[in-house]
Structure formats: C-alpha cells, structure tokens
Amino acid sequence: MHAIMNRELRVLMLEDTATDAELIVRELRRAGIAFTSIRVTTRDAFTRALEEFHPDIILSDYNLPDFNGLVALEIVQRTHPEVPVIMVTGALTDVEAVELIHAGAKDYVLKDRLARLAPAVRLTLLAEQEVHARKVVDQELRIAATAFETQEGIVVTDRDQHILRVNCAFTRLTGYSAMEALGRTPAILKSGRQDAAFYQAMWETLNRDKYWQGELWNRRKNGEIYPEWLTITAVLDGDGQVTNYVGVFSDITLRKEADEKIHQLAFYDPLTGLPNRRLLHDRLQQAMTSSVRSQCKGALLFLDLDNFKVLNDTRGHDIGDLLLIEVAKCLRDCVRSGDTVARIGGDEFIIMLENLSEDTQQAAAAAQDVGEKVLKAINHSFSLQGVDYHCSSSIGINLFHGNDTGMDDLLRHADTAMYQAKASGRNTLRFFDPAMQIELEERTALMEDLRQALPLQQLRLYHQIQVNERGVVGSEVLLRWQHPVRGLISPMEFIPLAEETGLIVPIGAWVLHMACVQLKAWQVDPLTRHLRIAVNVSARQFSQPNFVEQVLEVLKDTGVNPLKLGLELELTESLVLNDIDDSIGKMQALRSIGIRFSLDDFGTGQSSLSYLKRLPLDQIKIDQSFVRDIATDPNDAAIVRTIIGMAENLGLKVIAEGVETEQQREFLERNGCHAHQGYLFGKPVPIDEFQNSLTQLHR
Ligand SMILES: Nc1nc2c(ncn2[C@@H]2O[C@H](COP(=O)(O)O[C@H]3[C@@H](O)[C@H](n4cnc5c(=O)[nH]c(N)nc54)O[C@@H]3COP(=O)(O)O)[C@@H](O)[C@H]2O)c(=O)[nH]1
C-alpha cells in the first residue's frame, strides 16, 4: 500500500460550496482514509495554503467564483508540481476533461459519483509514489554511473578475480580496453617490482579486513611501469561471503616526482647533488648509534679548498661553481659507495667514513689513507671553461665512536683540525686534538682584536736594511702589531688571519701609504733620495680588480715623485701564478710608471723558467731557507748558484734574504748575488732607529 496512506493525509480542498466540501470529507472518511483537510475558496488562500499547509493531494472544484480549476492547476504545476491534483466537479464536458488532464490533473471525479473519489485518491497517490520511486532509482543509477566514470581507475572482479567491469579511467591509465581486460585477472598489470611476500601480505589483510590500501608498481599495456595508489574492497553477500572485489586506483607518478623533488631540495645540495648538512646530520646520527653496536670507529673528514675565495673573487662565481662540481666528483670517486660525501657550505665538504676499525690506531690510519687519497686527487689542475686552475685542499679529521661527543662538537672539532691543516701550509691533513681547540679559540679572539688594530693605530712599520757592495740600497717594510695585552705580534701570526678575513686589503693599503709617505720624505733628503722601499703585497690585495688604481691613488695622495720612484713591490710565486695573465697585466701597468717588482721567497715554489721568462720582474729574492745553510749544505749551495745563474740569464737582479753570517755574505757575493738583507746588516727596526743607523753609516 501507498506509504503515504499509512499516515494521516493532508488534503487541500479548493471548494466554494461548504456542503460539497462536507460531502467530500464524509466520503473519504467513509472509505477509511485518515486525513486532515483545509478548505479554501479564493486564489490567494489557495496559494498561501500551498506554501504553508504542504498538502499531499489537492481536490479542486472546476468552477469557482473568482478563478477556476485550470488556473489552480497552472499554479500547482508551476510552484509544486510534485503535489497531485484531482478535479472534483459537478459537470464536465469531454473536452474540458481532456483539457484538465493535459494541464496536469491526475484524475477527475464528478460530484454526483463521489463513491469514486476514495479509489481515485488512492490510485493517484500510488501512481505518484511509483513515479517518485522510479525517479529516485534513476537518479541513483545516474550517480553510480557518474561515480564509476571518475578520474580514478576502477576494476570490478568476481570472487576469483576475473575482471567483470572496468571504467574508462582504467583504460586510460593501463592502456587495456574493456574488451581486452574482461575475463582476465588484474595480474595482467603485474610489474614484477613486488615480490610474492608483498602479495601474500596484501591478501592476508584483504581476507581479514575485506579491505586493503597501499602503493604498488604496475605495468601498462605498453610496458611502462608506473606507481599507483590502490584501494581494494571486497563486496559481500547476505551471508558475508565475498562475491566481488572492487579495485580503485590512481596513477601517482606526478605526486612521487614532486615528493622526490621536495626530498631532493630538502636533503641535497642543488649545485653538486651531494647530501647537504641536514642529510649529513641524519646519517651521522645513525652512524654514531650503529658504531656503538659494531664497536667500530668512524671518521669525519672536514675538507676546505685552499684559496677558493681568491678564485671566486678573481674569476667569478660561475668558475667557482664549476670547481665545486669537479671537486664533488673527485670526492665521490675517492670513497666507497657506503660512505657519505656531503657539501655543507661554500667550499666545505664532509666525508663520513663508517666501520673503520675497533682499534683507534687502525681507524686513524684508515681515515688518513682516505684523506691522503683525497688530497692527491684534488691537488691537480682543473680545466674550468678554458681556465686552468691548480687546486689544493686542507683536511681536518676527527674520529667518532658512539654518542659521547655530540654531533655539533664532532663537526666543530673536525673543522678545528682543518684550520690546523691550513695553518700548517695547506694541501695537508691534521687530526683533531683538544689542544687544537684551545688554539682555535685563541685564534678567534685574536681575529676579533685584529679588526680593531688599524682603527686603534696598533700597527707599526719596521724597516730592514738592504745593502749591496756599494752600501745601503733601501729597506723592506715589515709589519708589526703592537697588541695592548700580548705585546708585539709577528706578522707570521696575524698576516694569515688578515688574509682570511679580508682585513689584509685595508691593512695592505695602509702599509703602502705609509711606505710612500716615507719614500716622499727620503726623496727630499740628499742622504736618502737614492734609497728604495720594498713593500710586501698579499695575494688577496693583489687580486683586487682595481689594485693598479689603488696604487696610483696612493702615489697621488702622498705626492711621491714618479720619476724618482724607488718603490718596489714584493710578490710571491703562488700569488703571481694564481692568474698569471692578470698578474702580468697589473705588473706591466705599474712598471710603466717606474715601480719595481721583486719575486719573494724564490726557490720555495715552482721556480720554473717558463713562467719566470714571462713575468715583468726586476729582481728575485732568494728565500732565507736556502741561505741559512749555504756554507755547510752543498745542495743549498748548488740551488743558490742555480738561482743566481737563472736570474742572470733572464737579466734579473738577485737579492738574498736571511743573511746572518759573513760566510754567507761572502759566498753570495762570490757567486754573483747583487744585494743582501739579513741580521748581519740589521734587524727590522722602527723608522727612527733605521734613520739613526743610516746617519751612523754616513758619518
Ligand atoms: N702582505 C704583507 N706581508 C708582510 C708584511 N710585513 C711582513 N709580512 C710578511 O710576514 C712574514 C714574516 O715577516 P717577518 O716576521 O717580519 O720576517 C721577515 C724578516 O724579519 C725575516 N728576516 C730578515 N732577515 C733575517 C735573518 O737574517 N734571519 C731570520 N731568521 N729572519 C730574517 O724574514 C722575513 C722577511 O720577509 P720576506 O722578505 O717578505 O720574505 C714575511 O713573509 C713577510 O713577507 C706586510 O706589510 N704585508
């Protein structure tokens, strides 16, 4: 029976005759229909009742004083088409009846045949319910069909996994048409990437929970393997038996690529592709923990490229980047696949070695072997877009075992050892020991003080006399730092710090300025006007692109007469060779205005004729390490002779430094050395003392 008939019906009567309405009510009650009703007689009341009374059915008279049944039907069709209308009327022609049915009336009952009213009401409501139910089913089917044709692939199988249905997305994602898939099993998609254990675990879950969800790799019809996210749900019958399986899946290739990209950005250095500091931290944490279990020691090698800043400053960051990429390749080639090579900043790399040995000595030896292999691999010429750059590095090594020392301390200690390696002359390695840490802290404090040295006027210039067989030829200016607490500090201690911090640039400019002030003073005194002053120039200072302009500026500021100049710049071999063409250009520009060039520490570097020939030099300075033993060591004597011979061939003057004994002077003079500098003639002294000694000499 009509569900609506099981409850009290709401009947809206449009009837102007009260007695007719009474008859209708009575007829319905007689037929056993439970209902409440209201009666309206006007158009306004009818429209209001439609909104407020919410009728299940409308019983409408055809002829009413101010409007008729047809108009009422039109209002219902427009505003509440779901409410059925039965016309209850006194008389009706066939034509009117047809018109009413066309207008939407469900039925009509003549007032003189009211016995037909209750069956008409029941049939109308029943028919309405069926129509309604059909509409609901149609809608659900439409929803199901739309849901089935989503963007996700869907496959429906029977309980034996034979494919019964697939959607369009299945075909789009797998390449199999419905015809090709039907009757087969989803095994057609197997990629072989999952092993039997994977499928066994999947089926165990599916049998137990009737549901499985996870990621797996499948194969398209064209052979391409892709990752998908799959949900399988078992369909059960009334007895709880599986009748079907429904698999819903999506291709997650793009998501996985995005995940991979995010992972790559978060944990890898974009320039070299090496693990970054974050990933190193993770791996170091794991390595420290596993070293407790294995009892084996590991090692951190902290590597920093020597003079990388100079390359970057002089050749630009692109060339610097190329070197970093090449170095990264080198490092990877030097270690085993299980070892970690990370880039943690600028030119700083970490190599983490695990499971070296239970024995500390053996572990240290193994780490040293790797360190030396790395030093060797890096110590060669790299061709960087046509620029040949000779690279070297310094390595600090710190062994680790367990978690006793925190990760940050481990890295800091390796860093400390690396600084020690740099201080020992670069291209070398050092192991960390706690004394180093104290040294480093002192070094850091000194670095801070050095920043104030120039503004607080703590720097002093000492002069060391240079002589030849005729007498005094000039002096070399040598820096000293009058530290308020530590006293006079040697340049050996603070010049490397000044280089590292870049402070050497303003300090070097100040030295040059003061030397020229002195030169100017000498130029007006007949006693000193023939003297020259030698000034040491550091690599960082010389590599400044505007170094030539800086020197010209100083000459202008101090008013030194360029015609009588007497200014000599001392450059080291490594400085000049860093970028030989640039060096030659700068030297030629300055030489054209009368500045002399002397190659310092000669003999300690490459000392090759081929580059020596190209340099616009005036003099070479034999390093004091060869002079020290010339009288006793035949090798040193031979080297000095060779250097002098070489200089002679190239038309260069030679000065020897570190001449302390008459024997050394005599040997040098006998072999053709033009000038000397050393304690035999005078130690570096402040300018007043130097002037006094000049006056003494001329008395
Ligand atoms: N870029 C700059 N570098 C500078 C400057 N001033 C100094 N320096 C460099 O520091 C290094 C050490 O200098 P210093 O301690 O002054 O040592 C010099 C002489 O004092 C020393 N010397 C000279 N004669 C003797 C000797 O007979 N015996 C002996 N044991 N030592 C002696 O040798 C150093 C000479 O230096 P150099 O001729 O430059 O090689 C040193 O490398 C300086 O260059 C500065 O202003 N800028």
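Outside the four places in sequence on either side of it, V511 is in contact (C-beta atoms, placed from the backbone, within 7 Å) with L461, V477, L479 and V535. The model is predicted; local features need pLDDT of at least 70 and side-chain atom pairs pLDDT 80 or more, while totals for chains, interfaces and linings use all residues. Residues are numbered from 1 along each chain as its sequence is written.

V511, A515, V535 and V654 are the residues with the most contacts inside the largest nonpolar core, which has 64 residues. Such a core is a set of buried Ala, Val, Leu, Ile, Met, Phe, Trp, Tyr and Cys residues joined through C-beta atoms within 7 Å, where buried denotes 20 or more other C-beta atoms within 10 Å of the residue's own, again placed from the backbone. Helix α17 (residues 504-523) gives the most to this core, nine residues. Another core, of 47 residues, lies apart from it and includes F349, L356, L411 and L429.

Five strands form an open sheet in the order β2-β1-β3-β4-β5, with parallel pairing. Helices (H or I, at least four residues) and strands (E, at least two) are DSSP runs numbered from the N terminus, and two strands pair if DSSP finds at least two bridges between them. Strands β2 (35-40) and β5 (107-110) are the edges, each pairing on one side only. On average, neighbouring strands of the sheet are turned by 20° against each other, direction ignored. Three parallel bridges link β3 (residues 57-60) to β4 (residues 85-89); I58 has V85 of β4 as its bridge partner. Helix α2 (residues 43-52) packs on the sheet and touches β1 (9-14) and β2, its direction making about 150° with that of β2. Axes are lines fitted to C-alpha atoms, for helices over the stretch in contact, and angles run from 0 to 180 degrees between N-to-C directions.

Technical notes. Contact = placed C-beta atoms within 7 Å. Buried ≥ 20, exposed ≤ 12 C-beta atoms within 10 Å, placed from the backbone.
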